[in-house]
Amino acid sequence: MKFLAIFSILSLQIDCQMLYKLQCPVNNYAWGAKGESSMAAILALAGNHISHIDPNKTYAEFWVGTHQNGPARVIELGKSLEEAIRENRELVGEKESEKLTFLFKVLSVAGPLSIQIHPTKAQGKILHSKDPKNYPDDNHKPEIAIALTEFELLSGFRQHSQISDFLKLYSEIQELLSDEDRVQIDNLGSFGESSSKALKIIFSRIWRSEKSKLGVVVEKLANRLAGQEIKSQLDELIVYLASLYPGDVGVFAPIFLNHFKLQPGEATFLEPNMPHAYLKGDCVECMSCSDNTIRAGLTPKYIDVESLVEMLNYSETLLPKYIPNELADHTKLFTPKGIDEFWVQEVKGSTGAKFDLPFAESASVLTVLSGSANVTSAETRKPETIKKGEVLFISASRCGKNQPKIEISEDFWAFRAFQPSSSAISNFQN
Ligand SMILES: *[C@@H]1O[C@H](CO)[C@@H](O)[C@H](O)[C@H]1NC(C)=O
Ligand SMILES: *[C@@H]1O[C@H](CO)[C@@H](O)[C@H](O)[C@H]1NC(C)=O
Ligand SMILES: *[C@@H]1O[C@H](CO)[C@@H](O)[C@H](O)[C@H]1NC(C)=O
Ligand SMILES: [Zn+2]
C-alpha cells in the first residue's frame with residue numbers, strides 16, 4: 001500500500017512537466033541562402049540537426065513543429081514529437097492535440113519567394129471544398145515574421161496615390177489596360193471606396209492578361225530600366241525580378257506593394273488577404289499549420305488569378321509593422337490579433353539573468369539563436385542546459401501555478417512558440 005502511494009507520487013512528479021530536446025529538419029528550397037551564409041544552416045549545424053554544411057547547397061528553412069513534411073523528433077525517446085504526445089497526453093495542455101497548431105521556422109532568404117496571400121478561415125473552407133488539390137486544408141494561415149538580420153520584403157498595397165504615380169512612371173504597364181481602365185488611374189487616391197474599386201479594376205486587368213502579352217510588356221519595361229544610367233531602388237528591384245522571372249506578372253508587384261526593410265527585432269504580421277513576398281535576409285516566422293496559399297507571381301507554380309483578384313484586400317496599408325507587448329521581465333510577447341493558434345515570446349537576457357517562462361499551461365518549443373541557459377522545469381528541479389541551435393520542448397505544466405525558470409549562462413537570445421490557452425487569451429489584454 002505504502003509502496004504504491006510513493007510510486008504514484010513519483011510518477012505524478014515525472015508527469016508534472018517534462019523537458020525534451022528536439023531534432024528538427026532544415027530544407028533546401030532554391031531561394032535559401034547558400035552554405036554558411038545561411039543562418040538556418042548555421043543553427044542546424046550548431047544544434048547537431050545536420051552533420052555538416054555543404055557550401056554548394058541552399059539552406060532555406062529550419063522547421064520546428066509536427067508538420068508531416070518536416071516533423072520534429074524527441075531525441076531522448078527516439079520518436080516523433082507527435083508520437084510522444086499521442087502516447088502521453090499529459091505533455092500538452094487540455095485543449096491541445098498531438099499535432100502542434102503552429103509551425104515555427106527560421107528562414108534564410110537569398111532570392112525572392114513567390115508573392116502570395118492567405119485566406120481567412122471562412123474563405124479557407126470555401127476554397128478547400130471547391131478545389132482540394134490546390135487548397136489542401138480548410139484553415140486560415142496567418143503569419144508573423146520577426147527580422148533577425150536586416151530583412152527586405154514587399155507587403156500590403158502602397159498608398160493609392162503613389163500607385164497612380166508609378167503607373168504613369170512605368171507607363172509600359174498601361175499597354176495592358178483598356179481605355180476605360182486607364183481612366184481609373186486618376187481615381188487612385190480619391191476618397192472613399194472608389195479608390196479601392198479603381199485599384200481592383202486595374203490590378204485585375206493586369207493579372208488576367210494573356211501570358212504572351214504580359215511577357216512582352218514585362219521585358220519592354222525591364223529593358224528600358226536596365227538601360228537607364230541612373231536607377232532608383234524601385235527600378236533596380238524591377239530589373240532584378242525580371243532577370244529571375246522573365247515575363248512573370250510578379251515583376252510588377254513592387255509598383256503596387258510597399259517595399260521596405262525590417263531591422264533586427266522588428267516584426268510584421270501578415271493579415272488575411274494582404275499580399276506579400278520576402279526578398280532577402282533572415283527572420284523567424286510563426287504560422288498556423290496550414291498550406292493555404294494563393295500565389296500572385298514570381299513562381300512557376302499555379303496562379304489562381306480569379307480567387308486572387310476577388311480575395312485581395314485592396315486597402316492601402318501604412319508600413320505594416322507589428323509592435324509586440326513588453327512583459328514585466330523585459331521579454332517580448334507577440335500576440336497578433338484574432339489568432340488563437342500561436343503566440344511567440346522573444347526570450348533575451350544577459351549572463352546571470354534569471355526569470356520565469358510564463359503561460360506554462362501550454363506546451364511550448366524554445367529555439368535558441370545564441371548563448372546558453374539552464375531551464376528548470378516547475379517540479380523536477382533538474383536543469384536542462386541549452387545552447388545555440390538547440391530546440392527545447394517544454395511540456396505543459398501540471399504543477400499548478402508553478403512556471404519553469406530560465407537562468408542565463410551566456411548572453412542569450414531565443415524564441416518560444418506556443419498555442420495560448422483560452423485563459424491566457426482572455427486574461428491578456430493586447
Ligand atoms: C561545389 O561546386 C563546385 C563547382 O560546381 C565544385 O567544383 C566543388 O567541388 C563543389 N564543392 C562541394 C563541397 O561539393
Ligand atoms: C484591409 O486592410 C486594411 C488595412 O490594413 C484593414 O484596416 C482592413 O480591416 C482590411 N479589411 C479586411 C476585410 O480585412
Ligand atoms: C547550468 O547547469 C549546469 C549543469 O547542471 C551547471 O554546471 C551550471 O553551473 C548551471 N549554470 C547556471 C548559470 O546556473
Ligand atoms: Zn505567406
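Biologist: Where is Asn48 placed in this predicted model?
Modeller: Asn48 sits in the loop that runs between helix 2 (39–46) and strand 4 (58–59).

Biologist: Why does Asn48 count as exposed?
Modeller: The relative accessibility of Asn48 is 59%. The cut-off for exposed is over 50%, so Asn48 counts as exposed. Asn48 also has a positive phi, about 65°, although it is not a glycine.

Biologist: Leu298 is not a glycine either; what is its phi?
Modeller: The phi of Leu298 is positive, at about 55°. Leu298 lies in the loop between strand 15 and helix 11 (305–311).

Biologist: How do you know whether Leu298 is buried or exposed?
Modeller: Its relative accessibility is 1%. Buried means under 20%, so Leu298 counts as buried.

Biologist: Which residues coordinate the zinc ion (ligand 4)?
Modeller: The donors are Gln116 through OE1, His118 through NE2, Glu143 through OE and His276 through NE2, at 2.1 to 2.3 Å.

Biologist: What makes the arrangement around the zinc ion (ligand 4) irregular?
Modeller: The 4 donor atoms subtend angles of 89 to 160°. A tetrahedral label needs all angles between 85 and 135 degrees.

Biologist: How are the donor residues of the zinc ion (ligand 4) spaced in sequence?
Modeller: The spacing is Q-x1-H-x24-E-x132-H.

Biologist: Why are Gln116 and His118 called buried?
Modeller: The cut-off is under 20% relative accessible area. Gln116 is at 13% and so counts as buried. His118, at 2%, is buried too.

Biologist: Which pocket residues lie nearest the centre of the largest pocket?
Modeller: They are Tyr29, Ser114, Gln116, Arg295 and Lys301, out of 41 lining residues. The volume of this pocket is about 940 Å³. Strand 5 (61–64), strand 8 (102–109), strand 14 (276–288) and strand 15 (294–297) are the elements that each give two or more residues to the lining. Strand 14 provides the largest share, 6 residues.

Biologist: How many cavities of 30 Å³ or more are found, and what lines the largest cavity?
Modeller: The search of the whole structure gives 2. The largest cavity holds about 50 Å³ of space. Its lining includes Ile115, Phe157, Phe203, Trp207 and Pro275. The word cavity applies because a 1.4 Å probe fits there but cannot get out.

Biologist: What puts the buried residues of helix 5 (residues 160–169) on the same side?
Modeller: The buried residues are His160, Ile163, Ser164, Phe166 and Leu167. They cover an arc of only 165° around the axis, which puts them on the same side of helix 5. These residues pack against strand 11 (151–157), helix 7 (194–207), helix 9 (233–244) and helix 10 (253–256).

Biologist: Why is Val375 called buried?
Modeller: Its relative accessible area is 0%. That is under the 20% cut-off, so Val375 is buried. Val375 belongs to strand 20 (residues 364–376). Beyond four places in sequence, the residues it touches include Leu19, Leu366, Ile386 and Ile406. Leu19 is 356 residues away in sequence, yet the C-alpha atoms of Val375 and Leu19 are 8.4 Å apart.

Biologist: What makes Pro142 and Pro358 buried?
Modeller: Pro142 has a relative accessibility of 3% and so counts as buried. Pro358 is at 18%. Since the limit is under 20%, Pro358 counts as buried as well.

Notes:
Residues numbered from 1 in each chain as written. Chains lettered and ligands numbered in written order. Predicted model: local features only at pLDDT ≥ 70, side-chain atom pairs only at ≥ 80, totals over all residues. Heavy atoms only, no water. Donors = N, O, S within 2.8 Å, 3.2 Å for Na, K, Ca; no water. Tetrahedral: all angles 85-135°; square planar, octahedral: opposite > 155°, others 65-115°. Buried < 20%, exposed > 50% of the residue type's maximum accessible area, 1.4 Å probe, protein only. Helix = DSSP H or I, 4+ residues; strand = E, 2+ residues; numbered from the N terminus. Arc of directions from axis to C-beta. Contact = heavy atoms within 4.5 Å. 1 Å grid on protein atoms, 1.4 Å probe; cavity = no way out; pocket = protein on both sides within 12 Å on 5 of 7 lines; lining within 4 Å. Points joined across faces, edges and corners; volume = space filled by probe spheres on them.
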